[in-house]
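Here is a briefing on one protein chain. Keep the sequence and the 3D view open while you read.

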Amino acid sequence: MVKLARRMDTLPPYLFAALDERRRAIEARGVEVISLGIGDPDLPSIPSAIEAVQREAARAENHRYPRYDGLPAFREALSAHYARRFGVTLDPERETLTVIGSKEGLAHLIWAYVEPGDVVLSPDPSYPVYAAHTGLAGGEVYSLPLRAERGFLPDLDSIPENVADRAKLLFLNYPNNPTGATCDLDFLRDAVEWCRCRGILLVHDAAYVEMTLEGEPAHSVLEVDGAKDVAIEFYSLSKPFNMTGWRLGAAVGNAQAIAALGRIKNNTDSGQWHAIQYAGAAALNNGPEAFFAEMNGIYRSRRDRLSAGFDRLGWEVEPPKATFYVWAPVPGGDDRAFAARLLDAGVVVVPGSGYGEHGKGYVRLCLTVSERDIDRAIERIAALTPSPFAR
Ligand SMILES: *Cc1c(COP(=O)(O)O)cnc(C)c1O
C-alpha cells in the first residue's frame, strides 16, 4: 500500500461511520429509521429554479465550461438581493464570486491564507470544515467555546493576544449550526472591530441567514460599516431554497479575499454549471422572500410540534429562534451513548461531540421530517425503558 500523506492524520476520525454502520444493522432488522440527523431539506426546491434549469439545460451555449469567476447574471442577482435584503452594496465583479456550494468556498479560502504555524480561530462546536481544512493546510485551530450561558456566542476578549497575533482567520456562523443560536448586529460590529485592530480576516458563514423562525431577520456581517475591509461572507442557496443537491453558493465582501479564493479555484475546479447559476439567479430574482416565509413557517410548526413532544417526555430543551436545528442537552451528558440508544429505537440524531469538544453533552436534531414523523420519533423516545428523563 502506498503511504498516505501525513496531513491525512490531521483529519478527525469519521464520527458518523460507527453510527452509519449501526443504522444499517437496525434497518436490516426491518426497522424504518426516522432521521433527524443530517441538515438536508426534505421539501422540493424553489419552483423558479426548477423551471429555469430545465430551460437553460437545453441551451447549447450552457454546455461549455463555465466562467471561472461565475456567471454575471447570478452575481448580479445576488448583489441585487443583498441590496434589497441587507441594504448592502456589492460590486458583482470584484465583490462576489460563485462557489460550488459554500462548503467548497470555505475549504478553499483556508488554503489561500493558512500556512504552518498560523492560527485559525474557530467556534466549538462548529461546522467541521473550518477545522478540517485548517489542519490539512498545517494550521492550528484555536477553539472558541460556544456556551449556553453566553447565548452560544464566543468571547473574543478571552483570546490571548499572543494567539490573536498569530491568527489569520476568525470563523463565525450566525444563525448557527449546530446550536440554532442567533447574534445581533452589535455582536457582528464588535467582531469586525476586533478583527480590524488585529489584521485578521473575518469569515462569516451565512448559510442560515434567511432562516429565522422568530424575531428580527438575521444579519449579514456586511451590514456593519467598513466590514468589507476585513470580512468575507459565504451565502448559500442550499438550505433556504431547498437546493442542497444543486451545489450553489457565493462568496461576497472583501475584494482581496475574493480574488485570492478565485485564484485557488481557477487552479482547482472549473466553476458551477451555468444552467444551475441561471437557476440561482431566477430563485433570487423572483421574490424569494415569499418562499423563505413559507419554509420558515413550516420549520416553525415542526419546531413547535417537537417542543410539545419534549414537554410530554419531560425533556427540557430551548426551542431555536433560527435555523432548522434543535440543540438539546442530553440527560446524563453522554451524547454518543444517548444517540446510539435513540438509534437503536429507530431515531437518528447527531451526537454533539461530532462538532467539537464543547458539543459534548448535546445532540442535534434537524427539523427536516414531517410533523407526523416528529410525533412518531417522540413516541419511540417515550417508549425507551428505563426512561432517560427524570420526571
Ligand atoms: C450546510 C452548511 C454549509 C454548506 O452548505 P453548502 O452551500 O451546501 O455547501 C456551510 N456551513 C454551514 C454552517 C452549514 O450548515
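The points below cover strands, salt bridges and surface patches.

This is a predicted model. A search of the whole structure finds 27 salt bridges. Strand E5 is largely enclosed by the rest of the structure, because 5 of its 6 residues are buried.

**Strand E5 and its partners**

- Strand E5 spans residues 167–172.
- Strand E3 (residues 119–124) pairs with E5 in the parallel sense, over 3 bridges. Within this pairing, Val-119 has Ala-167 of E5 as its bridge partner.
- E5 also pairs with E6, again in the parallel sense, over 4 bridges. Here Phe-171 has Val-203 of E6 as its bridge partner.

**The open sheet E9-E12-E11**

- Three strands form an open sheet in the order E9-E12-E11, and their pairing is antiparallel. Strand E9 (325–329) and strand E11 (350–351) are the edges, each pairing on one side only.
- E9 and strand E12 (residues 362–366) share 5 bridges in the antiparallel sense. Val-326 has Leu-365 of E12 as its bridge partner.
- Strands of a sheet pair through backbone hydrogen bonds, either parallel or antiparallel.

**Salt bridges across the chain**

- Arg-380 and Glu-32 meet through their side chains in a salt bridge, at 4.0 Å from N to O. Arg-380 sits in helix H12 (residues 371–382) and Glu-32 in the loop between H1 and strand E1 (34–35), so the pair ties together parts that are 348 residues apart in sequence. Glu-32 is partly exposed, at 43% relative accessibility.
- Glu-214 forms a salt bridge with Arg-303, and their closest N and O atoms are 2.9 Å apart. This pair links distant parts of the chain: Glu-214 is in the loop between E6 and E7, Arg-303 is in helix H10 (residues 288–313), and they are 89 residues apart.
- Is Arg-303 buried or exposed? Arg-303 counts as buried because its relative accessibility is 6%, under the 20% cut-off. Glu-214 is partly exposed, with a relative accessible area of 36%.
- Glu-371 forms a salt bridge with Arg-305, with the closest N and O atoms 3.5 Å apart. Glu-371 belongs to helix H12 and Arg-305 to helix H10, 66 residues apart. Glu-371 is partly exposed at 27% relative accessibility. Arg-305 is partly exposed too, with a relative accessible area of 35%.
- Salt bridges with shared partners join Glu-32, Asp-373, Arg-376 and Arg-380 into one network.

**Surface patches**

- Glu-216 lies in the loop between strand E6 (201–205) and strand E7 (231–236). Glu-216 counts as exposed, at 62% relative accessibility.
- Met-8 is in the segment before helix H1 (15–28). Met-8 is partly exposed, with a relative accessible area of 41%.

**One more loop position**

- Ser-270 is in the loop between helix H8 (255–266) and helix H9 (274–285). Ser-270 counts as partly exposed, at 30% relative accessibility.

Definitions and conventions. Residues numbered from 1 in each chain as written. Predicted model: local features only at pLDDT ≥ 70, side-chain atom pairs only at ≥ 80, totals over all residues. Heavy atoms only, no water. Helix = DSSP H or I, 4+ residues; strand = E, 2+ residues; numbered from the N terminus. Buried < 20%, exposed > 50% of the residue type's maximum accessible area, 1.4 Å probe, protein only. Pairing = 2+ DSSP bridges.
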